[in-house]
Amino acid sequence: MAFQGVLVHTDCMNDLPSTQSLGEVAGKTTNPAILIVDDVMENVRLLKNLLQDIGRIVFAVDGFGALEQAQRHRPDIILLDVHMPGIDGYETCRRLKAAPETRDTPVLFITGADGEQDEARGLAQGAIDYITKPFSPDVVRVRVLNQLALMRAQAELRSANDAMRKFKAAVESSSNSIMITDRHARIEYVNLAFAGMSGYSAQEALGQTPALLKSDMMTDDTYAELWHTILRGENWRGELCNRRKDGSLFWQDVAIAPVFDCAGTITHFVGISSDITQRKKMEEELRSLAVTDALTGVGNRRHLIEVGERELARMRRSGEPLCVLMLDIDHFKRINDTHGHTAGDVVLKAFARVCTETLRSLDTIGRLGGEEFAVVLPMTDLHGALELAERVRARVAAYEVDWEHAAPIRFTVSIGVAQAMMTAADFAFLLGHADQALYVAKKSGRNRVVAAADAIRSM
């Protein structure tokens, strides 16, 4: 076997594993491996002295040795002579380019074969350069350095492209909707999840603005605060109710971040959002359960008092009148005793339904407990409250509840009415006056409406 070996500069003793070239490790060529192939050792030494400060020197003296050293050390560049024993440089180059492990390794011919056909043949075999002997040391050094710099740039570009492909794959496969706009909010990119959430394809969205999704459920102040924040260079996070292409509404948890160029100028905005429609629906259901009477579906005591306090405060600010009704189903215990508690529940639900259908949309009815209910009547004076209470009483008296195979259940209601005064301490105080009127209505024979002022005169 022909002599072959490695010439290592004293500053490069810590070699990388022989199965990898330096160029393959993290795309680096800061300590490249250079394979010199020449059957004249004086040429090998000359090139070694010329290039040893650039990287680790590996050498071989024939074509077979070159192939072996290339497989073992995976050099970053090969300097190859043409005329050698065994197989010549052309065949060596051809075999190097045919092997998957070395086909991308640049080969630079340095040879005494100086004919044009020789050079053409060498380049045809895949060499990247062809230098004839005697050579200029400066030319060889510069060309090797240029080639290694090119390799470094190519490695960095491959690494960047790989990172970009991974990033794009992650973005495209993300379950979150991702949108990128320019500084003027023109959409430049949306991922697949955006289409799934919004119903708009990428082709339909590109060139549009996020206003494409805007619904009438958010206030102008929300959008103003959003833009003020991101144009200030800060991230914005919040919840937006948007509209799909088919017109349906959906809620999104949205995070928007500005993107800056090297001068610190905002060039783009990136928005990442997730669909929280189901979560918002569940939250709304929980809120509804917290303020709703489970049996009748009207507001519970807590909700009624909150509404009453709010309307009382509004009345003090605006001076508009406010009234409250206290309602109690007459002889409810007799219904339970005669027909059973299930029948009583049916009556309570029927009563709540009649009241709800009779009241206005701005009125609030709530169940205080048992068979006792109350109604808050905003912007209503005593006269209007009495008229509305009388309509409720009459409709309840005319209503029949079908019950199994027995005769329909009929029932009546007694109602107390009170109007809020500016001096009212709180809503409980107003309810107390309505309760006094209700007591008088019960005492006076039931199935009637009594105002608080009349109640005070009767007591």
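## Briefing on a predicted model

The sulfur of Cys355 is 16 Å from the closest cysteine sulfur, which belongs to Cys323, and that is too far for a bond, because a disulfide needs two cysteine sulfur atoms within 2.5 Å. This is a predicted model, and a search of the whole structure finds 0 disulfides.

**Cysteines**

- Cys355 has a relative accessible area of 1% and is therefore buried, since buried means under 20%.
- Cys93, at 0% relative accessibility, likewise counts as buried.

**The largest nonpolar core**

- The largest nonpolar core holds 33 residues, and those that touch the most other members are Leu325, Leu327, Phe351 and Ile415.
- Two or more residues of this core come from each of the strands β12 (322–329), β14 (372–378) and β17 (413–419), and from each of the helices α11 (332–339), α12 (341–358) and α13 (382–398).
- Helix α12 gives the largest share of this core, with 8 residues.
- In soluble globular proteins, nonpolar side chains tend to be buried together.
- Ile415, when residues up to four places away in sequence are not counted, touches a list of residues that includes Leu325, Met326, Leu327, Ala389, Val392 and Arg393, and also Leu438, Ala441, Arg448, Val449 and Val450.

**Arg393 in helix α13**

- Arg393, one of the residues that Ile415 touches, has its place in helix α13 and is buried, with a relative accessible area of 15%.
- The side chain of Arg393 makes a polar contact, at 3.0 Å, with the side chain of Asn447.
- Leaving out residues up to four places away in sequence, Arg393 touches Asn447, Arg448 and Val449 as well as Val413 and Ile415.

**The largest pocket**

- The largest pocket has a volume of about 480 Å³, and its lining is made up of 23 residues, of which Met179, Pro210, Leu226, Leu240 and Ile256 lie nearest its centre.
- At least two residues of this lining are supplied by each of β7, α8 (220–231), β9 (236–243), β10 (249–260) and β11 (266–275).
- Met179, one of the residues nearest the centre of the pocket, is placed in strand β7 (residues 177–182) and counts as buried at 13% relative accessibility.
- Although Met179 and Ile256 are 77 residues apart along the chain, their C-alpha atoms are separated by 9.2 Å.
- Setting aside neighbours within four places in sequence, Met179 is in contact with Ile187, Tyr189, Val190, Phe194 and Pro210, and with Phe269, Val270 and Gly271.

**Ser198 in helix α6**

- Ser198 belongs to helix α6 (residues 192–198) and is buried, with a relative accessible area of 2%.
- A polar atom of the Ser198 side chain lies 2.8 Å from the backbone oxygen of Phe194, and Phe194 is also among the residues in contact with Met179.
- Beyond its neighbours within four places in sequence, Ser198 is in contact with Leu213, Arg244, Lys245 and Phe250.

**Leu51 in helix α1**

- Leu51 is found in helix α1 (residues 41–51), where its relative accessible area of 0% makes it buried.
- Apart from residues up to four places away in sequence, Leu51 touches Ile34, Ile57, Leu79, Arg141 and Val144.
- The C-alpha atoms of Leu51 and Ala195 are 57 Å apart in space, and the two residues are 144 residues apart in sequence.

How values were computed
Residues numbered from 1 in each chain as written. Predicted model: local features only at pLDDT ≥ 70, side-chain atom pairs only at ≥ 80, totals over all residues. Heavy atoms only, no water. Buried < 20%, exposed > 50% of the residue type's maximum accessible area, 1.4 Å probe, protein only. Helix = DSSP H or I, 4+ residues; strand = E, 2+ residues; numbered from the N terminus. Polar contact = N/O pair within 3.5 Å; in protein donor to acceptor, adjacent residues only side chain to side chain. Contact = heavy atoms within 4.5 Å. Core = buried A, V, L, I, M, F, W, Y, C linked by side-chain atoms within 4.5 Å. 1 Å grid on protein atoms, 1.4 Å probe; cavity = no way out; pocket = protein on both sides within 12 Å on 5 of 7 lines; lining within 4 Å. Points joined across faces, edges and corners; volume = space filled by probe spheres on them.
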